[in-house]
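Here are a few exercises to work through with the model open beside you. Try each task yourself before you read its solution.

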Amino acid sequence: MSTKGRVLLGILASLCLPAALWAAEGHTAPAAKTAATRPFAPPIKPAADLKPAPAGVTVAQVVQKHIAARGGLQVWQSLQSMAWNGKMDVGFGDSAARSARYVSNESMRSAKQQRAAMIKAQNQQPAEKQIQVPFVLEMKRPDKSRIELEFAGKTAVQVFDGKNGWMKRPYLNRDTWEPFSAEQTKSQVGKWDLEGPLVDYVAKGTKVDLEGIEPVEGKDAYRLKLTLKDGNVQHIWIDTKSLLDVKVEGTPRRMDSKMRTVWVYQRDFRPVQGVMVPFVMETAVEGYADTHKMLLEKVAVNPKLDDARFVKPGA
């Protein structure tokens, strides 16, 4: 149900942490040298190219079994709040700065030249691990969220009360609360429903189609196409054995002046007070070799969260 891993890039970009700030400004995100054997964010295949689902298997059955595998309809409907503690990737040290020096060459005026320079910079970087920062994500119905990130010895905070949001970024010397832009607000509305889009999807006005079977990390999965009430389309992959949502299509992001598809791979599901939660979520962007992980260390179900935590302090 809950697919909050898909918000990782959005969190990084809105709080202006290194890797996402670089990407949000339209540049190639810095990548470590890896021996990647497969693309994490391949273009989506036409439904006609997928293996058909077995005869008699319906989308309603798949969704029903999936909800049961994640804890059951009653459990998710009774869920009022959640809190996640963990660490998330935010980039490769000063690799963004090193890459930027190549791009800043005054003789490079075209986007093609800039992209070639970025690739050259990446290839000259030694293999390195991404920097990880601690985070706390709190969610509460209806549509409230609070995110705290520890970065450079300071705490960045982003709050959303369901309609409006504010953020404070002290590591950028912005120690006062700034309101969300109209675009940021629009991206947050409806994002923090705790159960995700498949629970009560009919009541939400969502149409779900079973497009066929497609492998995800070597295992067969049902590919579902969700057409939301507002007309937007999202795909979700449900493992045919575990019935867990192992891959989710995230909100597209503009990178290199092009809208890029975003995928979130969900792994290491563990039971927490009756609900199954993925403790590893890896976000990938179409056309980019580097990915970003969110690693959960502690999950609280139905913690007591005061509404004051989701509004601008002093408001």
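Let's start with a definition: a residue is buried under 20% relative accessible area, exposed over 50%, and partly exposed in between (1.4 Å probe, protein chains only). This is a predicted model, so to speak of local features we need pLDDT of at least 70, and side-chain atom pairs count only at pLDDT 80 or more, while totals for chains, interfaces and linings use all residues. Residues are numbered from 1 along each chain as its sequence is written, and side-chain values use heavy atoms, with hydrogens and water left out.

**Exercise 1.** Find out whether Asp268 and Arg270 are buried, exposed or partly exposed, and what joins them.

Step 1: Asp268 has a relative accessible area of 36%, so call it partly exposed.
Step 2: Arg270 comes to 37%, which makes it partly exposed.
Step 3: A salt bridge is a side-chain nitrogen of Lys or Arg within 4 Å of a carboxyl oxygen of Asp or Glu. In Asp268 and Arg270, the closest N and O atoms are 2.7 Å apart, and they form a salt bridge. By this rule the count comes to 16 salt bridges.

**Exercise 2.** Work out which salt bridges Glu148 makes with Arg146 and Arg309.

Step 1: Glu148 meets Arg146 at 2.9 Å, N to O. Arg146 is buried, at 13% relative accessibility, whereas Glu148 is partly exposed at 21%.
Step 2: Glu148 also meets Arg309, at 3.5 Å, N to O. Glu148 lies in strand S3 (residues 144–151) and Arg309 in the segment after strand S15 (291–301), so this pair ties together parts that are 161 residues apart in sequence. Strands here are DSSP runs of E, at least two residues, numbered from the N terminus.

**Exercise 3.** Describe the largest nonpolar core and say which elements give two or more residues to it.

Step 1: A nonpolar core is a set of buried Ala, Val, Leu, Ile, Met, Phe, Trp, Tyr and Cys residues joined through side-chain atoms within 4.5 Å.
Step 2: The largest one has 26 residues, and Met82, Trp84 and Val277 are among those with the most contacts inside it.
Step 3: The elements giving two or more residues include strand S1 (81–91), strand S2 (131–140) and strand S14 (275–285).

Terms used. Helices (H or I, at least four residues) and strands (E, at least two) are DSSP runs, numbered from the N terminus.
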